[in-house]
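Open the model in your viewer and keep the selection tool ready. The stops follow below.

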Amino acid sequence: MTETPSRTLDPTRDVALLTADLIDMESVSGNEKEVADAVEAALRALPHLEVVRDGDSVMARTSLGRAERVILAGHLDTVPLPAVPGSRGTVPSTWDGNVLYGRGATDMKGGVAVQLALAAGLAEPSRDITFVFYDHEEVEASLSGLGRLQESYPQWLEADFAVLLEPTNGTVEGGCNGTMRFHATTAGRAAHSARAWMGENAIHAAAEILARLRDHVPATVSVEGLDYRESLNAVKIWGGTAGNVIPDAATVEINYRFAPDKSIEEAEAYVRNLLAGFDLVRTDAAAGARPGLDRPAAASFVEVVGQEPKPKYGWTDVARFSALGIPAVNFGPGDALLAHTDNEHVEADAVRACLAALRTWLS
Ligand SMILES: [Zn+2]
């Protein structure tokens with residue numbers, strides 16, 4: 001049996017080349033060990049960092065007693081390699097001029113390379129930094145390495161602000177909308193449809209629910225300077241029992257995507273007020289996340305990046321930090337629309353620019 005010599009990472013080399021080295025260590029979710037080993041070894045070689053390993057997650061931090069602490073987080077895993085032969089978003093990586101192709105090029109080995117370069121290059125950062133490299137992001141939430149770290153090392157995940165280096169094309173994307181669902185039901189009285197005047201039609205009664213939803217103008221809410229566009233919609237409807245029976249019950253399922261200025265309770269009260277008079281049951285809810293751009297660390301970050309921050313509409317791990325009371329944003333190299341595609345790629349200069357912005361902020 002031959003043993004494959006374990007490969008190493010040099011966090012001091014050009015960050016675009018480091019990205020290629022990371023891609024070359026295939027790490028589809030569940031197979032993060034090699035890259036986690038290499039990240040751990042690279043971090044342990046840096047005397048200014050304290051390092052812990054948990055499964056295939058690795059964390060490292062400075063402890064300089066700075067006034068603020070920031071978390072820089074990224075996941076080590078990728079989605080599976082492309083199935084279509086000839087795809088370039090695979091392993092190993094390839095170069096086409098200044099464009100790097102390979103699985104994870106955008107999501108998110110460029111971001112991980114930037115984390116490693118900062119870990120090696122900033123022995124005395126202006127803010128204390130906790131670097132979080134985690135496993136199992138691209139699979140069901142219950143497997144998330146970040147969720148596990150929050151359980152096992154809560155004290156390591158205390159900070160004033162967090163940056164997830166997910167691809168955002170170099171802009172800052174902050175916070176996210178919350179979401180909740182309701183069942184609104186109407187009651188009637190069943191009767192033979194040949195003698196409909198004996199009954200009461202619950203489906204017709206639901207028309208008023210639909211009319212209120214149709215006439216409702218969803219708000220755009222500014223939270224710390226970012227505009228979150230809300231939506232309130234009927235997403236399902238059912239009722240009735242047979243083709244000759246006046247229906248005695250109808251249900252409209254409603255989904256409300258609400259801005260992160262509202263708590264779950266406030267968002268629920270808003271919908272109940274709009275649909276007053278109807279029987280409403282909330283079936284699920286997940287809070288949004290405020291962008292936290294009013295915090296000093298965040299404000300100086302946005303200033304250094306020098307671009308207008310944007311709201312995030314989908315739910316991301318940013319909300320995990322928000323649940324811990326840590327405002328968080330996404331900021332990383334590469335186009336999120338290329339993530340998970342067969343020809344995933346990133347420009348070398350995009351990775352270098354991300355590193356430069358974070359280095360400026362943290363120096
Ligand atoms: Zn990702």
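Start at cysteine 354: it is buried, at 3% relative accessibility. Buried means under 20% relative accessible area, exposed over 50%, partly exposed in between (1.4 Å probe, protein chains only). Select cysteine 176 next; it is buried too, at 0%. The structure has zero disulfides, a disulfide being a pair of cysteine sulfur atoms within 2.5 Å.

A note on the source: this is a predicted model, where local features need pLDDT of at least 70, side-chain atom pairs count only at pLDDT 80 or more, and totals for chains, interfaces and linings use all residues. Residues are numbered from 1 along each chain as its sequence is written, and side-chain values use heavy atoms, with hydrogens and water left out.

Now pick the zinc ion. Its donors are His75 (NE2), Asp107 (OD), Glu166 (OE) and Glu166 (OE), at 1.9 to 2.7 Å. Donors are N, O and S atoms within 2.8 Å of the metal (3.2 Å for Na, K and Ca); water is not among the atoms, so sites may look incomplete. Along the sequence the donor residues follow H-x31-D-x58-E. Histidine 75 lies in strand 3 (residues 69-75) and glutamate 166 in the loop between strand 7 (161-164) and strand 8 (173-174), 91 residues apart. Strands are DSSP runs (E, at least two), numbered from the N terminus. Both histidine 75 and glutamate 166 are buried.

Last stop: glutamate 230, in the loop between strand 11 (226-229) and strand 12 (231-239). Glutamate 230 is buried, with a relative accessible area of 5%.

Definitions and conventions: Helix = DSSP H or I, 4+ residues; strand = E, 2+ residues; numbered from the N terminus.
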